[in-house]
Amino acid sequence: MENNNILDYINLSESGLTKSEIQQLYSYDTQQINIEQIEQIKVNVIILVKNQEKLIKKAIDSVLSIADNIYVFDTGSTDGTKKVVASYPEKVHLSEKEWVEDYSYMRNYAMKNITEGEWIFIIDSDESLKTKFSQLEFKIMLYLLDYVANLKNIVLTIRQESQENSIVGYPQRIFKKNSNLNFYGVVHEELRAPIIKNISTEITLHNLGTATEEIKKFDKVKRYNNLLLKNIQNEPLYIKWFALLDYDFGKENLPDYHKRMDFFCKLIQKNKSNITYRDDVFEMTLLAKKIYDNILNQKFDEAKQNI
């Protein structure tokens with residue numbers, strides 16, 4: 001492990017814990033931890049896959065040492081993907097599920113079809129875990145968060161980076177299974193619950209899904225934007241869905257695109273002083289699109305007001 005303490009990867013200031021509680025986490029004597037309790041923690045990795053015979057091995061190998069079980073749900077592969085997965089030992093479980101064009105439905109289906117353990121770690125078939133730590137270190141971190149912090153519906157976001165894209169994402173990927181915790185959104189899905197505590201981390205995944213070859217292979221641009229239109233139809237006032245919609249696609253396919261943009265940007269401007277990159281990345285994305293739109297239409301004074 002590159003850091004001296006796996007807790008160094010977690011932004012505990014965002015957890016809502018007091019300073020004394022955070023100090024308690026760091027000062028916790030690992031020699032006093034009940035190993036039997038640690039061993040009872042089960043980490044299940046979920047991977048949805050289709051036609052990724054070249055990448056699935058790297059994804060599985062990257063989490064093999066930290067997972068108790070890896071559940072791979074094949075959604076209709078016609079290449080050698082299933083053969084690669086079937087070559088792994090018993091703790092890698094392969095099952096088949098026909099693809100439904102709804103990412104939250106597929107994620108929720110996978111979660112509900114795991115019978116053992118409570119902690120879930122989701123990675124995509126075109127991703128691999130970059131951060132190195134042992135299974136024991138990982139389980140101690142989960143134990144401390146669960147036992148010492150005693151937070152309900154803990155969800156850890158992970159740093160997602162790629163060589164092809166300079167934008168860093170922080171998707172929700174590690175969480176404790178709970179019947180109240182489910183994914184929402186047919187694409188760019190997110191976990192929701194009546195009470196949820198998102199804690200960002202610097203645990204890093206390398207994403208190959210943004211490579212030009214992968215985008216063309218799965219027709220991601222067109223598919224994702226059409227699915228975002230469904231999200232907008234279902235939740236028209238949720239800024240995330242609108243911010244993620246491609247600018248040109250939105251102008252061509254959403255009749256009131258500019259009206260919606262103006263509406264959201266006015267809301268953002270009222271609270272502009274509180275915007276931070278990680279917490280309000282979608283607001284920042286939308287403001288950037290608005291400035292771009294101003295410049296295209298030679299509204300330079302308006303563009304300056306949005307900076």
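First, the ground rules. The model is predicted, so local features need pLDDT of at least 70, side-chain atom pairs count only at pLDDT 80 or more, and totals for chains, interfaces and linings use all residues. Residues are numbered from 1 along each chain as its sequence is written, and side-chain values use heavy atoms, with hydrogens and water left out.

Let's start with helix H3, residues 56-63. Helices here are DSSP runs of H or I with at least four residues, strands are runs of E with at least two, and both are numbered from the N terminus. Which residues of H3 are buried? They are Ile56, Ala59, Ile60, Ser62 and Val63. They cover an arc of only 160° around the axis, so they sit on the same side of H3. That arc is taken from the directions from the helix axis to the C-beta atoms. Buried means under 20% relative accessible area, exposed means over 50%, and partly exposed is in between, with a 1.4 Å probe and protein chains only. What covers these residues? The cover includes strands E1 (43-49), E2 (69-74), E3 (92-96) and E5 (127-129), plus helix H4 (81-86).

Now the core. A nonpolar core is a set of buried Ala, Val, Leu, Ile, Met, Phe, Trp, Tyr and Cys residues joined through side-chain atoms within 4.5 Å. The largest one has 45 residues. Ile60, Ile70, Phe121, Phe138, Met141, Leu142 and Ile174 touch the most other members. Several elements give two or more residues, including H1 (19-27), H3, H6 (135-148) and E10 (197-207). H6 gives the largest share, seven residues.

Take Ile174. Leaving aside neighbours within four places in sequence, its contacts (heavy atoms within 4.5 Å) include Trp119, Phe121, Phe138, Leu142, Leu156 and Ile203. Apart from this core lies another, of 22 residues, with Leu228, Leu229, Ile232 and Phe264 among them.

Next, the charged pairs. Side chains of opposite charge can pair when their charged atoms come close. How many salt bridges does a search of the whole structure find? It finds 18. A salt bridge is a side-chain nitrogen of Lys or Arg within 4 Å of a carboxyl oxygen of Asp or Glu.

- Asp124 pairs with Arg173, with the closest N and O atoms 3.4 Å apart. Asp124 is in the loop between E4 and E5, Arg173 is in strand E7 (residues 172-176), and they are 49 residues apart. Arg173 is buried, at 5% relative accessible area.
- Glu161 pairs with Lys130 at 2.5 Å between the closest N and O atoms. Glu161 is in strand E6, Lys130 in the loop between E5 and H6, 31 residues apart. Glu161 is buried, at 16%, whereas Lys130 is partly exposed, at 45%.
- Glu235 pairs with Arg192, and here the closest N and O atoms are 2.7 Å apart. Glu235 is in the loop between H8 and H9 and Arg192 in strand E9 (residues 190-192), so the pair ties together parts 43 residues apart in sequence.

Salt bridges that share partners also join Arg107, Asp124, Glu127, Arg173 and Glu189 into one network.

Last stop, Lys217. It lies in helix H7, residues 212-217. Lys217 is partly exposed, at 42% relative accessible area. Not counting residues up to four places away in sequence, Lys217 touches Asn51 and Gln52. Lys217 and Asn51 are 166 residues apart in sequence, yet 9.7 Å apart in space, C-alpha to C-alpha.
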